[in-house]
Amino acid sequence: WMKERPKGSCEIMEVEGEKEIIVVIPTADFEGEYAKRCREEIFKGLHIIFVVSGKGNNYFNYAHNCNVGINKAMDYNPNWIILSNDDMYKIDDINFLKNELENLDKRNIDIVLGDPPDIIKIGKPTIIRDIIYFLYNSNVRNRIRLEKYFIKKLKMKIYFTASGTFIDKLLYNNIYEFYSMGVVYGSMTILNFRIAKNYNEVLFDETYINGYEDIDFYLRLNMEKVSKGYTKFKVGAIGGASLGKNGSVRTMRDIANLIYFNCKFEKLWKRFK
């Protein structure tokens with residue numbers, strides 16, 4: 001069902017600028033507040049490729065839009081590609097990032113991480129987590145029931161990603177940890193153009209529906225031990241503002257993404273452990 005789901009049509013809209021660094025931004029609204037902030041404040045002066053889709057229909061597909069935008073960026077042979085969400089806000093000036101990237105060896109660095117980088121942990125839920133979540137509210141209880149159903153139906157384990165905080169340590173038994181390959185976890189990633197070529201210009205798995213595709217990508221890069229550079233550039237992320245944070249539809253979508261990610265993770269884990 002996820003593979004057959006329509007991806008929706010998308011339109012590329014470009015804002016002219018310097019092309020050594022190309023910014024790719026999937027968005028549902030080119031004229032909206034968030035997209036406008038990206039082109040007039042955060043990334044002003046750089047060439048920006050907006051991939052616009054999803055407005056007026058339910059078929060916004062983040063992974064597909066990222067791949068479309070990255071493929072278009074490759075036409076300009078940039079040194080670096082910045083992949084960013086639209087719901088961001090400015091902290092540092094973009095010239096600070098430009099100077100840092102100029103000082104990195106683009107011949108030997110595949111991806112640029114934040115300094116220090118975020119750590120992503122994959123863990124199996126503990127009984128404490130199930131009890132707390134079960135008592136939380138009816139929507140969460142329904143989600144746990146669905147998780148349990150698929151564990152039994154598909155004979156699979158359920159793993160979650162966590163940040164490694166004290167609370168997360170109570171809720172999840174750590175299985176595997178790796179670097180977030182983003183300057184801002186889940187919201188902004190900086191790639192060398194070679195990465196796109198190495199992946200035949202299809203970096204993100206389009207089976208996912210607006211969730212877990214970035215974690216899937218980060219996990220694969222970590223396991224393949226790509227070369228890393230670092231930047232102290234800071235930019236803020238609101239997170240979930242464009243597509244909404246809550247709702248039963250998003251909950252069902254998250255469960256579908258979680259199950260698909262788990263199937264892939266188990267195969268990767270057996271391969272690399």
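Colleague: How do you know that strand β2 and β4 pair, and in which sense?

Modeller: Two strands pair if DSSP finds at least two bridges between them. Strand β2 (residues 18-27) and β4 have four bridges in the parallel sense, so they meet that cut-off and count as paired. Within β4, Trp-80 is the bridge partner of Ile-21.

Modeller: Before we go on, this is a predicted model, where local features need pLDDT of at least 70 and side-chain atom pairs count only at pLDDT 80 or more, while totals for chains, interfaces and linings use all residues. Residues are numbered from 1 along each chain as its sequence is written, and side-chain values use heavy atoms, with hydrogens and water left out.

Colleague: What makes something a strand or a helix here?

Modeller: Both are DSSP runs, numbered from the N terminus: helices are H or I over at least four residues, strands are E over at least two. Helix α3, for instance, takes in residues 94-102.

Colleague: Which strand joins β4 through five bridges?

Modeller: That's β10, and β4 and β10 run antiparallel. Look for Leu-83, which stands opposite Thr-189 in β10.

Colleague: What is the order of the open sheet of seven strands?

Modeller: The order is β1-β3-β2-β4-β10-β6-β11, with mixed pairing. β1 (11-15) and β11 (228-231) are called edge strands, as each pairs on one side only. Neighbouring strands are turned by 25° against each other on average, direction ignored. Strand β6 (residues 111-114) is joined to β11 by four parallel bridges, and Leu-113 faces Tyr-230 across that pairing.

Colleague: What makes β4 count as mostly covered?

Modeller: Buried means under 20% relative accessible area, exposed over 50%, and partly exposed in between, using a 1.4 Å probe and protein chains only. In β4 (residues 80-84), five of its five residues are buried. Side chains in a regular strand alternate between the two faces of the sheet. Here Trp-80, Ile-82 and Ser-84 are buried on one side, with Ile-81 and Leu-83 buried on the other.

Colleague: And why is Lys-98 called buried or exposed?

Modeller: Its relative accessible area is 15%; the cut-off is under 20%, so Lys-98 is buried. Contact means heavy atoms within 4.5 Å. Lys-98 touches Glu-18, Ile-21 and Leu-46, leaving aside residues up to four places away in sequence.

Colleague: Why does Val-202 get its accessibility label?

Modeller: Val-202 has 46% relative accessibility. Val-202 sits in the loop between α7 (193-198) and α8.

Colleague: What is the order of the open sheet of three strands?

Modeller: The order is β8-β7-β9, and the pairing is antiparallel. β8 (160-162) and β9 (172-179) each have a single partner strand, so one side of each is left without a neighbour in the sheet. Strand β7 (residues 119-125) pairs with β9 over seven bridges, including the one between Lys-124 and Asn-173.

Colleague: Which strands does α8 lie across, and at what angle to β9?

Modeller: α8 lies across β7, β8 and β9, running at about 70° to β9. Axes are lines fitted to C-alpha atoms, for helices over the stretch in contact, and angles run from 0 to 180 degrees between N-to-C directions. α8 is mostly covered too, with 11 of its 11 residues buried. Helix α2 (residues 62-74) runs at about 160° to β2.

Colleague: How many cavities of 30 Å³ or more are there?

Modeller: One, and the largest cavity has a volume of about 60 Å³. On a 1 Å grid over the protein atoms alone, a cavity is a set of points where a 1.4 Å probe fits but cannot get out, and lining residues have an atom within 4 Å of a point. Grid points are joined across faces, edges and corners, and the volume is the space filled by probe spheres set on them.

Colleague: Which residues line the largest cavity?

Modeller: Tyr-62, Leu-83, Gly-186, Ser-187, Met-188, Thr-189, Phe-204, Asp-214 and Tyr-218. β10 (188-192) and α8 (213-223) are the elements that give two or more residues to that lining.

Colleague: What makes the classes of that lining come out as they do?

Modeller: Ala, Val, Leu, Ile, Met, Phe, Trp, Tyr, Cys and Pro count as nonpolar, Asp, Glu, Lys and Arg as charged, and the others, Gly among them, as polar. By that rule the lining has five nonpolar, three polar and one charged residues.

How values were computed: 1 Å grid on protein atoms, 1.4 Å probe; cavity = no way out; pocket = protein on both sides within 12 Å on 5 of 7 lines; lining within 4 Å.
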